[in-house]
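Let me put it on the screen and then we'll talk pockets.

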Amino acid sequence: MTAQVQREPAPTADETDAVVRTVWYSAADNRRDAFALRYRGYAHAGLIEASPFGIYTDSYDDLPTTIVAGLFRRGACIATLRLSFYTPGVQGPTLPCENVYPEIPAIKAGAEGLVVELSRLAIDPDITNTRYRARLYAAAIRAGVTACLALDAKRLVVATQTKWRSVYEHIFDFKAIGEPQFYPPGDVPVVLLSRPLDEGLKGRIARNLFFKVDPTELEDLRGRLPALVQLERSAA
């Protein structure tokens, strides 16, 4: 599976199923493909009711401190992930998890730089190959972590179903920071994990063949992502 980053999907006639393109969206972009995929994944899992609109979104998707990744294969969105950013000193909620987990205020108070929440990961329910779904899940996480590296984030928090907890713990050494809560939508327990984006995490990424980031890819993201998210607002 090859990840290629761009602003808009541009499939070519000779693309194969092995090519997955990552498209990043700002809050001002048309994100229907990503939200429709999120809806299909959540509806299939029984987390939300059927809707004639065919999308699932919430108020945090519309904040200028939010970006959304869509992973495309042959022009179709097959996975998506949301990144929400908190800059120390900024007033008002920017992290969706802070309305659910009482541990977040302490993280914000002690933040030494950008804090990023990774959430709303969804995969095309029509993809039933278990191994490929696992690779797509990993590809979405890789896209999110790479974006965090490009934006010089200092701490990551992840809201994920407990069944995926071991992925973050074993690969990235995330730590659970509280009891699982019912993170909307649905009534599925969701655990909150956290860790600093420090040299230890960078080393783990560099040693993992799947998650390792090419310097050219990182520089490309450093040039693209700052225009998509507002990180400069601060009360300081």
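This is a predicted model: local features need pLDDT of at least 70, side-chain atom pairs count only at pLDDT 80 or more; totals for chains, interfaces and linings use all residues.

Residues are numbered from 1 along each chain as its sequence is written, and side-chain values use heavy atoms, with hydrogens and water left out.

A pocket here is an open set of points on a 1 Å grid over the protein atoms alone, where a 1.4 Å probe fits, with protein on both sides within 12 Å along at least five of seven lines; lining residues have an atom within 4 Å of a point. Helices (H or I, at least four residues) and strands (E, at least two) are DSSP runs, numbered from the N terminus.

How much space lies in the largest pocket? About 620 Å³, a volume being the space filled by probe spheres set on the points, joined across faces, edges and corners. Its lining has 29 residues, with Y42, L121, A122, Q161 and W164 closest to the centre. β5 gives the largest share, 6 residues.

Now the second largest pocket: about 260 Å³, lined by 16 residues, with L149, K202, V213, L218 and R222 nearest its centre. Two or more residues each come from α5 (199-207) and α6 (215-224), and α5 has the largest share with 4.
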